[in-house]
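Here is a brief report on the packing in one protein chain. Please keep the sequence and model open while reading.

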Amino acid sequence: MVDTATARPWFGDHGRTARPPAVAARAVLDLVFATPVDPVLYGELVRSGTALDRRVARTIAESTGNRDLDVAHLDLTDPASVRALAGAWQGPLHILVNNAGVMACPERYTEQGWEWQFATNYLGHFALATGLHHALAAASAARIVSVSSSAHQRSPIVWDDVHFAFRPYDPWLAYGQSKTANVLFAVEATRRWAEDGITANALMPGAIYTNLQRHTEGGRGSGTVPDELLKTVEQGAATSVLLATSPLLDGVGGRYFADCNETGTVDRRTGTLLGVARYAVDPEGARRLWTLSEGLLATAG
């Protein structure tokens, strides 16, 4: 049985003060996109085998003592690249962390005509997770961690114009829409795959300045986060690690977390880093997005 009840405090105030509990995992796939990346998150998760960007593999090996690291190329905007990685995976997969992303980038589209942020931040992850479903199911109690953002409050899924074919492109609306999709994925993946022992949760890691913000003014993201709410790399990794490993989340899916706690549902933009928009956890919206995603990938060739 999967617990998808209303929000509640789970773990105390660990998001900015401590690392969450971790347990060993036999197989972890964590996606790396922007640099500099987060060796703390990978160091917490790596125990037996992880696909990592070569730029951080040595750091991980040195910090964890684990030399059994696999590195693979993946282009999330290229369906063929995603299929190749999923097809090459052997054995069960216990944890999938959909962490890669771009933020507020200039207007750009894939070969298929998909808006770049939607394709990178969501659709590629969707394709990978569905392609790896057999491996996740083989693990018996697998978890998917879907990294979203409080920026999901900037936009729901605009069903009639997901790829900005008609409305003027806005980098922040595009980013927000892709991050809404990340949450909806966790809702529907849990509904569809719970009987296979697979649960998925989404999260807001917090405001951590990395190369993710390279397309924003001054490299400071939205520029609206007070300095006292900024996180270190370690603090930013905490919620992802907790969702991936904590026994407190056994059988829990379809939720949205921030600062290592489930956050409440809101009907207006909060102006803070907390709260999940009601449209982002709407079951009907989650089903609709899944169907849309399957259709897009089916036409990609």
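## Nonpolar cores

This is a predicted model. Its largest nonpolar core has 47 residues. Those with the most contacts inside this core are Phe-118, Tyr-122, Leu-136, Ile-144, Phe-185 and Trp-193. Helices H3 (79-88), H4 (116-131), H5 (133-138), H6 (171-193) and H8 (283-298) each give two or more residues to it, as do strands S5 (199-204) and S6 (256-258).

A second core is separate and has 13 residues. Val-145, Val-147, Val-252 and Cys-260 are among them.

## Phe-118

Beyond its neighbours within four places in sequence, Phe-118 is in contact with Leu-123, Val-162, His-163, Gln-177, Ser-178, Ala-181, Leu-289 and Leu-296.

## H4 against H8

The axes of H4 and H8 come within 11 Å. They cross at roughly 85°, so the two helices count as roughly perpendicular.

H4 contributes Phe-118, Tyr-122, Leu-123, Phe-126, Ala-127 and Thr-130 to the contact. From H8 come Leu-289, Trp-290, Ser-293, Glu-294, Leu-296 and Leu-297. By class, the contact residues of H4 and H8 are 9 nonpolar, 2 polar and 1 charged.

## Thr-77

Thr-77 lies in the loop between helix H2 (54-64) and H3. Is this residue buried or exposed? Thr-77 has 11% relative accessibility. The cut-off for buried is under 20%, so Thr-77 counts as buried.

Leaving out neighbours within four places in sequence, Thr-77 is in contact with Thr-110, Gln-112, Trp-116 and Thr-120.

Definitions and conventions:
Residues are numbered from 1 along each chain as its sequence is written. This is a predicted model: local features need pLDDT of at least 70, side-chain atom pairs count only at pLDDT 80 or more; totals for chains, interfaces and linings use all residues. Side-chain values use heavy atoms; hydrogens and water are left out. A nonpolar core is a set of buried Ala, Val, Leu, Ile, Met, Phe, Trp, Tyr and Cys residues joined through side-chain atoms within 4.5 Å. Buried means under 20% relative accessible area, exposed over 50%, partly exposed in between (1.4 Å probe, protein chains only). Helices (H or I, at least four residues) and strands (E, at least two) are DSSP runs, numbered from the N terminus. Contact means heavy atoms within 4.5 Å. Axes are lines fitted to C-alpha atoms, for helices over the stretch in contact, and angles run from 0 to 180 degrees between N-to-C directions. Angles under 35 degrees count as roughly parallel, over 145 as roughly antiparallel, 65 to 115 as roughly perpendicular and the rest as oblique. Ala, Val, Leu, Ile, Met, Phe, Trp, Tyr, Cys and Pro count as nonpolar, Asp, Glu, Lys and Arg as charged, and the others, Gly among them, as polar.
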